[in-house]
Amino acid sequence: MSRIGKMPVVIPDTVKLDIRPGAVEVSGPLGKLLQVLPPHTRVKIDKNQALVELVGLNDKEGGALHGLARSLVYNAVTGVTQGFKKNLEIVGLGYRAQVTGDKLILQLGFAHPVEFRLHPGIKATVDAKQTAIAISGIDCYRVGEVAANLRRLKPPEPYKGTGIRYAGEHIVRKAGKAAAGAAGAGAGGSGGGAKK
């Protein structure tokens with residue numbers, strides 16, 4: 001049996017679970033979420049706990065599905081009670097972002113501003129300096145997907161470190177051509193003289 005799959009999901013008083021064929025609908029203070037379950041899994045409610053069970057598979061074959069189903073239910077419950085958030089930073093001279101309705105307008109060093117449309121249910125906020133973006137929502141997958149797509153618009157480059165990165169992300173930096181050339185010249189200059 002999956003160690004994660006057999007752990008019960010505690011249902012807070014403010015959350016309601018409605019079990020449907022192949023899915024579970026979770027309602028809470030922040031909204032409503034329909035979570036589709038992996039095949040061969042089902043959810044059973046026991047008092048204030050949700051238990052995920054395997055149907056038609058043994059523990060060896062369905063262990064991964066069992067753990068996945070439990071994680072999806074847990075994320076849905078967490079989403080409708082607390083929500084999820086991803087923070088991004090924009091690094092670069094003149095790089096900035098602003099929110100207009102359901103769109104993010106980004107200046108990323110291109111000839112024209114980039115318009116990024118947000119998924120329904122996803123909110124974006126930009127700080128006063130217009131260099132920090134916070135993506136939030138109740139769906140863990142959607143929040144992560146939007147943050148990844150934003151980062152993909154201008155991934156951090158390794159020489160100057162400019163671009164869009166996750167908050168706290170470490171970028172491995174490379175030496176520029178001038179620094180690499182100077183190091184190469186110093187190493188190559190100590191060769192032997194010409195043969196006679």
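**Entry on the model.** I am working with a predicted model, and I went through it a piece at a time.

**Entry on K47.** I began with the backbone of K47. Its phi is near 60°, a positive value in a residue that is not glycine. I then looked up where K47 sits, and found it in the loop that runs between β5 (41-46) and β6 (49-54). Is K47 buried or exposed? K47 has a relative accessible area of 77%, and because exposed means over 50%, I noted K47 as exposed.

**Entry on Q130.** Next I turned to Q130, where phi is near 65°, again a positive value in a residue other than glycine. For Q130 I read a relative accessible area of 24%. Buried would need under 20% and exposed over 50%, so Q130 goes down as partly exposed.

**Entry on β7.** I picked out K85, which stands opposite S136 in β12.

**Entry on the other partner.** What else pairs with β7? I found strand β13, residues 163-166, also in the antiparallel sense, with four bridges. Here I looked up E89, and its bridge partner in β13 is R165.

Note on methods. Residues are numbered from 1 along each chain as its sequence is written. This is a predicted model: local features need pLDDT of at least 70, side-chain atom pairs count only at pLDDT 80 or more; totals for chains, interfaces and linings use all residues. Side-chain values use heavy atoms; hydrogens and water are left out. Helices (H or I, at least four residues) and strands (E, at least two) are DSSP runs, numbered from the N terminus. Buried means under 20% relative accessible area, exposed over 50%, partly exposed in between (1.4 Å probe, protein chains only). Two strands pair if DSSP finds at least two bridges between them.
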